[in-house]
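I opened the notebook to look at how two chains meet and what lies inside them. My notes are below, in the order I looked things up.

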Amino acid sequence: MWRTWFGTGHSGSARPRSELRVGIPRTLNVWSTHQFWVAFFAALGLQPSRIVFSSNTSEEQGRNFGRGRGTVDCCYPVKCMSGHYGELVFGQKRKVDILFSPMIRSLPSLLSGHVVDLLSCPRVMAGPESTKAGFIREKDAFAEQSIRYVAPLVCLAEPVLVPRQLHESLADVIPGLTYRETRAAVDAGFAALEDFSNAARAQSRDILRQCARKNDPCILVLARPYHMDPGIGHEIEVDLQACGYPVLWTQYLPTDADVMDWLFGEDIRSGDISSPFDISDVWPSSYSSNTNEIIWGAKVGSRIPWVTCVIRLASYECGMDQPTFSPVQKIVESSGTLFFSFQDLDCTKPAGALKIRVETIRHYVGQHGKRIITRKLAGLGKPCPFTV
Amino acid sequence: MSQVRPIGYKAYSPRPFLKKDREKVEILFGGLSWRAENVLQALFENLGYLARPLPPPTREDLMLGRELADIGQCCPTSFTAGNLANFLRTETDRIGPDAVVENYVYLTAGACGACRFGQYRQSYELALRGLGLDSFRMFLLAQDELDQGEIAGGGIEMNMPLTIGALWAVLCTDVLQSLEYQTRPYEVTKGQTDKVVRESVDFLCDKFRKRPYRGKKLGVLVWHLTTNYFVDALREVFDRFKAIEVDRLQAKPVVKITGEFYIQTVEGAPSYDIHAWLENEGSEVYPAAVATWFDYLFRIRAQAIAEYVGIKPRARIELARIKGLHYLYGWAYNRLRAALRNIPHEMPSQSELRRLAAPYYHHRLQGGEGDMLIGKALWAHLRNKAHMICELSPYGCLPNTMSVGAMAGVLGDHPDLLYAPLEVKGDAEVHALSRCQMVLTEAKKRAKSEFEAALEQSGLTLEMARERLDAMPEMKKATYHVPGHGWVGIGANLVTELARESGR
């Protein structure tokens, strides 16, 4: 009451919900879960237009807003968080009331129930803690800007835990927030995430249908969700798309039963795997959610005939990707699919080198694409779900 | 039409190690202190296995690990993979590759989850393939399961007699190590402590080798918890320490070692020999106990279950069960510690570590030591356990880097905390040690002024204190427990104790 009347508290707790502005760093696993967060806050009565995401990662962003805030020398996707935080704290024309940076411990995944665990990378889940340290070590930059910093630990792979985790962290920040409405908002968030994923998968299926109809090649990207950030993945897939090849992302490959049976039916019947989403034959240490999906994507990419080329993106110092390099390459190349790897991606876009490599890929896909499709098609049974 | 399946790649899967081969196949293992490894070897022998620890890891192991596996992997994996590879290569030269794959299997901890350490079977596999030993058998065991049953062929039974015995081996050697590190810096006769420790380890090995059989299930646990077998063994070890004369009337900084599990545990090349280096530089090292890691494993299990209380039926009962086991574990440690008259360091309370770390690092952030690194640094600082924290952070360690990052916030709030985070690459020793020395200089100053303050407060000069000490020969034995009087250093506490004793 005192805070509200005399304005000594943080603005976040004093304003009605519809007026609250929430800033979310556009980083790491927010790239694959932002639909959840937008729907969640909207269901709580916040205006979607007042949910502000930081810009795509860029060197300028880091220079202007993150300089001197870094506390850790690690992979760029985590290191760049300082710039995102800084942009939301210091770079908004209309100030945010809440900086919301979820520590996503585990992720919802299409492989849920088929793998050992669905954890985030330790650096990714703890990224908000080390980034926060850079904003509080000398003085509390959030408090100075009257911003409430909220970083709940969230187990998105265990939906029953999420309402409590989010309610505990937000009850003090969003006026009058109840557990019941938090639970309803979480349900809305998961529904939005599922709708988006389903739509994206349907779109991927359409792309494959078109490829099948014209017998055209396409390219599959194996990467972590945040490589969609132009400042992290450097839009390599965009350059390839400009060459005329449709691009698919692992996270949104079609998972329909007919497709899965076409690709994996024989393996299941022979007892090699227990389901199309079982990766234990190639990757028994299946703890990391994004790693698991990359491995599964490699298996799918090696089978789908029109995926004639697989592109692997990995950031410099990515400890989660490092043990997977050999298995992924071996899985993909085992079917004669072309494999190109862009490792050690960092903050600077190596434009010249990328151009040469994109040209190389275009050459090989153009030269060998049709032959690869024919060979891979011959290895699969009928009927093909993309042509019926 | 039958399908041509495109998967040519299969994950490594070891050939079975059959029960009947136990007598001729030797189990290789490593990754702990030499004390624990020796006692574990004795435990394996107690259970009818042939086993031996790998040789101490060296710089050559690091280089070979990098060469055979992957240069981007974290430093502990380069050391452990290289250590195994070097041993196997030497053995291959001696007896040939066929005999090596038949005569040895490798057993190591794995499956730790979030951290990529759990995925390193891939690195070992690459190293084995690089040596042309693709069919060598390597088994990973979960570190948080007491009864994992038989593994691949039944050659090794990961049952209660083995896991509980291994746990007690670690606890016994932990308390011994703690006593050793509080003795050696002050020993009057150089080398005497090492000699006594060597004899003590041999003695403990003998006790573990002769451990009586108490079944394969719960009876084993109950026996370990209630028997005086290990307590008596440690009392005998304590008696051996009585022969060591020490001079504790010195201002030595206490340096608490924290960091990634392997690097902080293994003394030697993987940690730049930092333990020995710090002692040579005039410090008392507060080593990292493996027991604290197991204590943490209980906590993370309890934390995960606690989240489901009120959501999942029986979660409360399961939580009570884990907390009960956790309590018994702490009790068992303290019982062994008491056998050495409570001189070995206590285990910090997990709930306190969690509470201290909470403003900076969430307790459910998983991977490596989680919030413990921050918790331990603050605990040691605020509870006057050490003058300085030396955090050993391996190159490429995912979770450790994040703790080091979050420590920036801790240092903002506690600028007087002397903290030396060292990135350990295995081959950049000068840089790491000189960095450590800078902080150590401050720690030495702090220890010195604390010692002087203790003298001043007690109204003694150093000469007077020494005279009084000479008059009390019992206090010059390594087995004399200097009570804490609020100082960090044992020298300062001894000064206050001397003043108190004389005043009686």
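**Entry 1. The interface.** I am working from a predicted model. I started with the contacts between the chains. I found 51 residues of chain B in contact with 62 residues of chain A. I then looked up the buried area. It is about 4,800 Å² between chain B and chain A. Carbon and sulfur atoms give 58% of that area.

Next I checked charge pairs. The rule finds two salt bridges across the interface of chain B and chain A. I looked up B:Lys10, which forms a salt bridge with A:Asp281. Their closest N and O atoms are 3.9 Å apart.

α16(B) gives the most, with nine residues. By class, I logged 26 nonpolar, 17 polar and eight charged residues on that side of chain B.

**Entry 2. The cores.** The largest nonpolar core has 151 residues. Among those with the most contacts inside this core are B:Ile27, B:Leu107, B:Trp168 and B:Ile374. Helix α6 (residues 160-183) of chain B gives the most to this core, with twelve residues.

**Entry 3. Helix α15 of chain B.** Why is this helix largely enclosed by the rest of the structure? Ten of the eleven residues of α15 (residues 372-382) are buried, so the helix is largely enclosed. I listed the buried residues, including B:Met372, B:Ile374, B:Lys376, B:Trp379 and B:His381. B:Ile374 is also among the residues with the most contacts inside the largest core. After α15(B) comes B:Asn384, whose phi is positive, near 55°.

**Entry 4. B:Lys445.** I placed B:Lys445 in helix α17 (residues 429-458) of chain B. B:Lys445 is partly exposed, with a relative accessible area of 48%. Its side chain makes a polar contact with the side chain of B:Glu442, at 3.1 Å. I also checked B:Pro253, 192 residues from B:Lys445 along the chain. The C-alpha atoms of B:Lys445 and B:Pro253 are separated by 8.3 Å.

Conventions. Residues numbered from 1 in each chain as written. Chains lettered and ligands numbered in written order. Predicted model: local features only at pLDDT ≥ 70, side-chain atom pairs only at ≥ 80, totals over all residues. Heavy atoms only, no water. Contact = heavy atoms within 4.5 Å. Buried area = accessible area lost by both parts, 1.4 Å probe. Salt bridge = Lys/Arg side-chain N within 4 Å of Asp/Glu carboxyl O. Helix = DSSP H or I, 4+ residues; strand = E, 2+ residues; numbered from the N terminus. Nonpolar A, V, L, I, M, F, W, Y, C, P; charged D, E, K, R; others polar. Core = buried A, V, L, I, M, F, W, Y, C linked by side-chain atoms within 4.5 Å. Buried < 20%, exposed > 50% of the residue type's maximum accessible area, 1.4 Å probe, protein only. Polar contact = N/O pair within 3.5 Å; in protein donor to acceptor, adjacent residues only side chain to side chain.
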